[in-house]
Amino acid sequence: MPPEEEGSIREALSAAFDADETPPETPPETPPEVPPKTPPETPPGDVPPEIPPETPPVGKEGTPPVPAAAKPGESTPPATPPEVVEKPPASWKPTIREAHWAKLPKEVRDEVNRREREITTTLSQTADARKFAHRFAETARPYEHIMRMEGNDPMIAFESYLKTATILRQGTPQEKATGLAQIIKQFSVDPGLLDNALVGILPQPGATPPLDPASFRDPRIDEMQRQHEALQQEAASTELQTFVDSGEAEFFSDVEDLMSDILRLAADRNQKMGLQEAYSRAIIIHPEVSKVVQARTEAAGVAARTKAAELARKKVVRGGGPPPPAGVGGAPSGGNLRSDIEAAIDAQGSM
């Protein structure tokens, strides 16, 4: 040890003993700071040893320390908003929607909704074609056996009919006569009976033609009636769309047919019924929707009773606080702590 450093330590020790003998009012002198040790020099060509990284301080039981609260003026990261679950497809059954839709991953829900939109768009674009095909099939169904006897399907038979109609309406007199002759021969029509029928149909000389009942109708009254019916239909469509867009008809697509039947039956009985009343009755009648609504009602009742019981328990523990709602579980509240506790106990016993 250098003599200078040894002398300074000796002087510091002497000063400490002197300070201990002096009155307590005199503060002791601060010992001098020990200079930091310098690391030994690394010889050239040697690799310096690796210094292990500092281990962050840990709290009790080895848990990492809790981060300090943000200081005033510092921006805190925004809280993650809760995930918004899209509406399930209306084509799903109500019980399936209620039980499984919210549990599906978001990617699956998005894919299902995308496919549902494609199907809805396709059905909307082909609505007229499907209606025509349905009406054509319904019209041709009573005559299927005749078309099968001739070896034709409905489309070929319809095409043959259009060709014959075109000749009889737009052909020359010779083409019309030839076409009728072919029809008479094909269907074995008796020319004598045909002659008698033509005599009965053709007007006789000097005979008065029968009056057309349509000639007694006033076209102005018919137009007013059509306008009135159009206004009524437009008003009904507007009311229905407003009801659907109000958000109070979650199961409208499920009970739409039942609502139509209920409204039609009420109209037949001269009973005035609104859309909301018809919707409520349809929900009660529908087997699946009624189960979903009943399950929601029961769950809401259980949640309300549990919350009231929890408020009563906190009131007992803390000796105060806001009282639970009156009539917990259907029992009236007496307005004091004892009545609130008894009502909460009754509510828990009835769950």
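**Close-up views of a predicted model**

View 1. R115 is partly exposed, having a relative accessible area of 47%. Its side chain forms a salt bridge with E118, where the closest N and O atoms are 3.1 Å apart. E118 and R115 lie 3 residues apart in helix α3, so about one helical turn separates them. E118 also pairs with R114, with 2.5 Å between the closest N and O atoms. R114 is partly exposed at 33% relative accessibility, and E118 is partly exposed at 33%. A network of salt bridges links E111, R114, R115 and E118.

**View 2. The salt bridge between E250 and R296**. The N to O distance in this pair is 2.9 Å. The bridge links distant parts of the chain, 46 residues apart: E250 is in the loop between α9 (219-245) and α10, and R296 is in helix α12. Both side chains are partly exposed, E250 at 49% relative accessibility and R296 at 33%.

**View 3. The largest nonpolar core**. This core has 16 residues, and F243, V255, M259 and Y279 have the most contacts inside it. Helices α10 (252-268), α11 (275-285) and α12 (287-318) each give two or more residues to the core. Beyond four places away in sequence, F243 touches A249, F252, M259, L275, Q276 and Y279.

**View 4. A nonpolar surface patch formed by F158, Y161 and L162**. Together these residues have about 310 Å² of accessible area. F158 lies in helix α6 (residues 154-170) and is partly exposed, with a relative accessible area of 37%.

Definitions and conventions
Residues are numbered from 1 along each chain as its sequence is written. This is a predicted model: local features need pLDDT of at least 70, side-chain atom pairs count only at pLDDT 80 or more; totals for chains, interfaces and linings use all residues. Side-chain values use heavy atoms; hydrogens and water are left out. Patches are made of residues with over 30% relative accessible area and no salt bridge: like charges are joined within 9 Å, nonpolar side chains (Val, Leu, Ile, Met, Phe, Trp, Tyr) within 5 Å. Accessible areas come from the Shrake-Rupley method with a 1.4 Å probe; for residues, only the protein chains shown count as cover. A salt bridge is a side-chain nitrogen of Lys or Arg within 4 Å of a carboxyl oxygen of Asp or Glu. Helices (H or I, at least four residues) and strands (E, at least two) are DSSP runs, numbered from the N terminus. Buried means under 20% relative accessible area, exposed over 50%, partly exposed in between (1.4 Å probe, protein chains only). A nonpolar core is a set of buried Ala, Val, Leu, Ile, Met, Phe, Trp, Tyr and Cys residues joined through side-chain atoms within 4.5 Å. Contact means heavy atoms within 4.5 Å.
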